[in-house]
Amino acid sequence: MRCMKDLIIFTDLDGSLLDDETYRASPADSLFETLNTQGIPVVFNSSKTFPEMLKIRRSMGNHQPFVVENGSAVYVPLDHEIAGTKGLEPAHSYLRCVLGVSHQRIKDFVNSAGEAFKYTALTQMSEAECASVTGLSGYDVLMAQTREFSEPLLWRDSEASLKKLSDMALSEGLRLVMGGRFVHLMGDTDKNLAQRWLVNRMRLVHEKDYKIMALGDSENDAQMLADADYPVLIRSERHGFPDIETKSPVYRTKRTGPSGWYEAVRTIVLRELI
Ligand SMILES: [Mg+2]
């Protein structure tokens, strides 16, 4: 049996590994055991917060490092092989590398610059409002609102205004990134920088030239995919494929969400395994 060696899979969650509406991972999750047996780590890289990530990792039995809030920080389990490397700080019983800026800094910017625009900040929404926008309920709403490094904005203004806010953010060393439901205001980082940081650490510790597969469905996944050896665009029912500039051949799934995830990993990674 030939095996795809030294591969790391980075994946977006909403609309990619998880269904956009139901937040379920089936049938993608049926491949986790095989990937685990083959020693292929699956790293979650999404706009979700630390508590949201903990819950999802737990429910899927995932023990890998993970990237929160669109590349704002990489969390590493204390017993992970890269835990001994430099530049990590302890946080919430994990080690982390922060690539973004504090939520307070984002809030200060929103308060000073944001008054001229029409939007609703996620952390300012009532539970009911947040629930109706995200489809989340109860404690999940609170977890989504526990932002450490970014602020999702539900945009209610024109494209031109969005561009204006984006320019203002850039001049302050911040970024505005398009997600599935929200635009995300955050520090000068992205999913790709976090992915690169983690891959470099893995290469250093293991002295292996890891190949990278990255899966995502939105514009905020484009850089992470562009940097991967095996970029996978997951088809969406809400929007078209985002533009992506890369030398590697891009796999565009026929199916949407976790079915597309399953299709791509089965086709590219496990074709030689099963
Ligand atoms: Mg997505």
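This is a predicted model: local features need pLDDT of at least 70, side-chain atom pairs count only at pLDDT 80 or more; totals for chains, interfaces and linings use all residues.
Colleague: In which sense do β1 and β2 pair, parallel or antiparallel?

Modeller: Two strands count as a pair if DSSP finds at least two bridges between them. β1 and strand β2 (residues 42–45) have 3 bridges. Their sense is parallel.

Colleague: Which residue in β11 stands opposite phenylalanine 10?

Modeller: β1 is also joined to strand β11 (residues 211–216), by 5 bridges, and these two run parallel. Across from phenylalanine 10 you'll find alanine 214.

Colleague: Is the β-α-β unit of β1, α1 and β2 right-handed or left-handed?

Modeller: Picture the strands pointing away from you: if the path from the first strand over the helix to the second runs clockwise, the crossover is right-handed. Here the helix is α1 (residues 32–37). The unit made by β1, α1 and β2 is right-handed.

Colleague: How many of the 5 residues of β1 are buried?

Modeller: A residue is buried if 20 or more other C-beta atoms lie within 10 Å of its own, exposed if 12 or fewer, and partly exposed in between, with C-beta atoms placed from the backbone. Strand β1 (residues 7–11) is largely enclosed by the rest of the structure, because its count of buried residues is 4.

Colleague: What is the phi of aspartate 6?

Modeller: Most residues other than glycine have a negative phi. Aspartate 6, in the segment before β1, is partly exposed, with 15 other C-beta atoms within 10 Å. Although aspartate 6 is not a glycine, its phi is positive, at about 50°.

Colleague: Is the peptide bond from serine 26 to proline 27 cis or trans?

Modeller: Most peptide bonds are trans. Proline 27 sits in the loop between β1 and α1. With omega near 5°, the bond from serine 26 to proline 27 is cis.

Colleague: Is glutamate 245 buried or exposed?

Modeller: Look in the loop between β12 (230–235) and β13 (251–256) for glutamate 245. Glutamate 245 has 9 C-beta neighbours inside 10 Å, so it counts as exposed.

Conventions: Residues are numbered from 1 along each chain as its sequence is written.
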